[in-house]
Amino acid sequence: VQLQASGGGLVQPGGSLRLSCAASGSIFSIPRMGWYRQTLGKQRELVAVIHSGGTTNYADSAKGRFTVSRDNAKNTVDLQMNNLKLEDTAVYYCYASVIHSFFGRSYEYWGQGTEVTVSS
């Protein structure tokens, strides 16, 4: 399975960005998809995840500003980020928990990371 992320870039504080990620390969289902982020010297942290049924989980820092959504038919997940702050600067990683067959267990996959820089 490959996760291809796009949409990062440079934005001013208060601005918006939309990240997109598409999963491809041998996929039966994807129970969870979402986004994590990491800054230098820190552990990777959850930003937002969405389950196949639509349930979402957000980091406290993302609540009210970020919206995660997915298209189950296309195996894609998006992250709409509004009112971006300096502290949102990080490398954002797409994440997917993938089941490859009907009786299979899930495996975790990560995208290559896309940089988001919030700076004036």
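These legends walk you through several close-up views of a predicted model. In this predicted model, local features need pLDDT of at least 70 and side-chain atom pairs count only at pLDDT 80 or more, while totals for chains, interfaces and linings use all residues. Residues are numbered from 1 along each chain as its sequence is written, and side-chain values use heavy atoms, with hydrogens and water left out.

**View 1. The largest nonpolar core holds 27 residues.** A nonpolar core here is a set of buried Ala, Val, Leu, Ile, Met, Phe, Trp, Tyr and Cys residues joined through side-chain atoms within 4.5 Å. Buried means under 20% relative accessible area, exposed over 50%, and partly exposed in between (1.4 Å probe, protein chains only). Among the residues with the most contacts inside this core are Trp35, Val47, Phe66 and Tyr92. Several strands (DSSP runs of E, at least two residues, numbered from the N terminus) supply at least two core residues each, including strand 4 (29-38) and strand 8 (76-81). Strand 9 gives the most, with five residues.

**View 2. Meet Tyr92 and the residues it touches.** Contact means heavy atoms within 4.5 Å. Not counting residues up to four places away in sequence, Tyr92 touches Leu19, Trp35, Tyr36, Arg37, Val47, Phe66, Leu79, Met81, Gly113, Thr114 and Val116.

**View 3. Tyr36 and Trp110 form an aromatic pair.** Rings of Phe, Tyr and Trp (its six-membered ring) pair if their centres lie within 6.5 Å; planes under 30 degrees apart count as stacked, over 60 as edge-to-face and the rest as tilted. The whole structure has five such pairs. Here the ring centres are 5.0 Å apart and the planes at 75°, so the pair is edge-to-face. Tyr36 lies in strand 4 and Trp110 in strand 10 (residues 106-110), so the pair ties together parts that are 74 residues apart in sequence. Tyr36 is buried at 16% relative accessible area, whereas Trp110 is partly exposed at 35%.

**View 4. Phe28, Phe102 and Phe103 are linked into a cluster by ring pairs.**

**View 5. Asp78 sits in strand 8.** With a relative accessible area of 18%, Asp78 is buried. Its side chain joins that of Arg18 through a polar contact of 3.2 Å (a pair of N or O atoms within 3.5 Å; within protein, one must be able to donate a hydrogen and the other to accept it, and residues adjacent in sequence count only if both atoms are side-chain atoms).

How values were computed:
Helices (H or I, at least four residues) and strands (E, at least two) are DSSP runs, numbered from the N terminus.
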